[in-house]
Amino acid sequence: MTAARPILALASGKGGVGRTFLAVGIAQALAQAGRSVLLFDADLSAANVDLQLGLHKQADLGDVVAGRAALADTLVRDDRTGITVAPGRSGSGTVGQASHATLDRLTCDVAALSQDFDTTILDLGGGLEGSVRRFAGLADRALVVTSDEPSALADAYAFIKVTRDQPLQHEIIVNMAESEPSGQATYAALRRVCVHFLAKQPPLLGIVHRDPRVPEALKSQTPLLSRHPTSKVAQDILRLARRLIDHPERSAQPA
Ligand SMILES: Nc1ncnc2c1ncn2[C@@H]1O[C@H](COP(=O)(O)OP(=O)(O)O)[C@@H](O)[C@H]1O
Ligand SMILES: [Mg+2]
């Protein structure tokens, strides 16, 4: 399903690669550029967008799945970043095991809500379960996050593989790079397996450097672009957002 307004999915397969950090950072950067942004926490098992932002939520996805609230009623606007968040519920078996019918309803609700925003960002959960693929199916672009760890690369490749038949434009973000050349080498490794096994060459959206200010900002529940706006890693994220704005459709290079 492709909505008229752009929907971006942050994906990784593996957890712990900075998917949520980047979803929040890109959302804030787009908001700073004047866009209205909805950030939907689609991680059904380890939701933590609200924690990273230090948001006070009245209701969340757990209430929606239990039928106690409509998705629209869970939305919280975060004044610091200007993002509107649809918060998730962490560690909830109920949400993690939502039925097909519930997932159908949720994806329809997200598609409908996305019409009220310039851009919608989905923080997809880790893993490759049906729910991850279902939410990915809503998106126009999948920003696939990897680090240089072999398991992160393998899981990023696996995500691209299982979603390759969806009408989804895959682009790569290398996170926690020690340097520009090592980030490029990580991208080249992922591109090689995509070309070899999938005859596909997803473009590099950008490289984000490793920086101890990231965990420090997360600990203080303050978004990095607010806490360290001039840091290199903040500049990396602003550059990613600028590329998303400047290239609404990036044509994938032939393999
Ligand atoms: N660029 C970075 N530099 C340093 N640490 C990072 C960076 N990106 C993410 N991290 C760290 O990685 C951990 C996982 O981040 P998180 O956003 O929760 O990942 P995910 O959503 O993929 O599980 C956090 O402790 C965070 O501080
Ligand atoms: Mg996360």
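Visitor: Which element gives the largest share of the lining of the second largest cavity?
Guide: That share comes from S7, with 4 residues. Please bear in mind that the model is predicted.

Visitor: What volume does it have?
Guide: The second largest cavity has a volume of about 30 Å³.

Visitor: How many cavities of 30 Å³ or more are there in the whole structure?
Guide: The search finds 2. The largest cavity holds about 80 Å³ of space.

Visitor: What lines the largest cavity, then?
Guide: Its lining is made up of Phe 21, Val 24, Gly 25, Gln 28, Gln 52, Ala 217, Leu 218, Thr 222, Pro 223, Leu 224 and Leu 225. The largest share, 4 residues, comes from H1. H1, H10 and helix H11 (224-227) each supply at least two residues of that lining.

Visitor: How many charged residues are in that lining?
Guide: The lining of the largest cavity has no charged residues; it divides into 7 nonpolar and 4 polar.

Visitor: Changing topic: where does ligand 1 sit?
Guide: Ligand 1 sits in the largest pocket. About 320 Å³ of space lies in that pocket.

Visitor: Which residues lie nearest the centre of the largest pocket?
Guide: Gly 16, Val 17, Gly 18, Phe 21 and Met 176 do, out of 21 residues that line the pocket. The elements giving two or more residues to this lining are H1, S7 and H10. By class, the pocket lining has 9 nonpolar, 8 polar and 4 charged residues.

Visitor: And the ligand itself: how many residues surround ligand 1?
Guide: There are 17 residues around ligand 1, and the closest are Gly 16, Arg 19, Thr 20, Phe 21 and Asn 175. This shell divides into 6 nonpolar, 8 polar and 3 charged residues.

Visitor: Which elements supply at least two residues each to that shell?
Guide: Helix H1 (19-32), strand S7 (169-177) and helix H10 (213-219) each do.

Visitor: Which backbone atoms lie 2.7 Å or 2.9 Å from an oxygen atom of ligand 1?
Guide: A backbone N or O atom of Gly 16 lies 2.7 Å from a ligand oxygen atom. For Arg 19, a backbone N or O atom lies 2.9 Å from an oxygen atom of ligand 1.

Visitor: What about a nitrogen atom of the ligand?
Guide: A backbone N or O atom of Asp 211 lies 3.0 Å from a nitrogen atom of ligand 1.

Visitor: What percentage of the area that ligand 1 exposes when taken alone does the protein bury?
Guide: Taken alone, ligand 1 exposes 570 Å², and the protein buries 81% of that.

Conventions:
Residues numbered from 1 in each chain as written. Chains lettered and ligands numbered in written order. Predicted model: local features only at pLDDT ≥ 70, side-chain atom pairs only at ≥ 80, totals over all residues. Heavy atoms only, no water. Near = heavy atom within 4 Å. Polar contact = N/O pair within 3.5 Å; in protein donor to acceptor, adjacent residues only side chain to side chain. Areas by Shrake-Rupley, 256 points an atom, 1.4 Å probe, with all protein chains shown as cover. 1 Å grid on protein atoms, 1.4 Å probe; cavity = no way out; pocket = protein on both sides within 12 Å on 5 of 7 lines; lining within 4 Å. Sits in = over half its atoms within 2 Å of the grid points. Nonpolar A, V, L, I, M, F, W, Y, C, P; charged D, E, K, R; others polar. Points joined across faces, edges and corners; volume = space filled by probe spheres on them.
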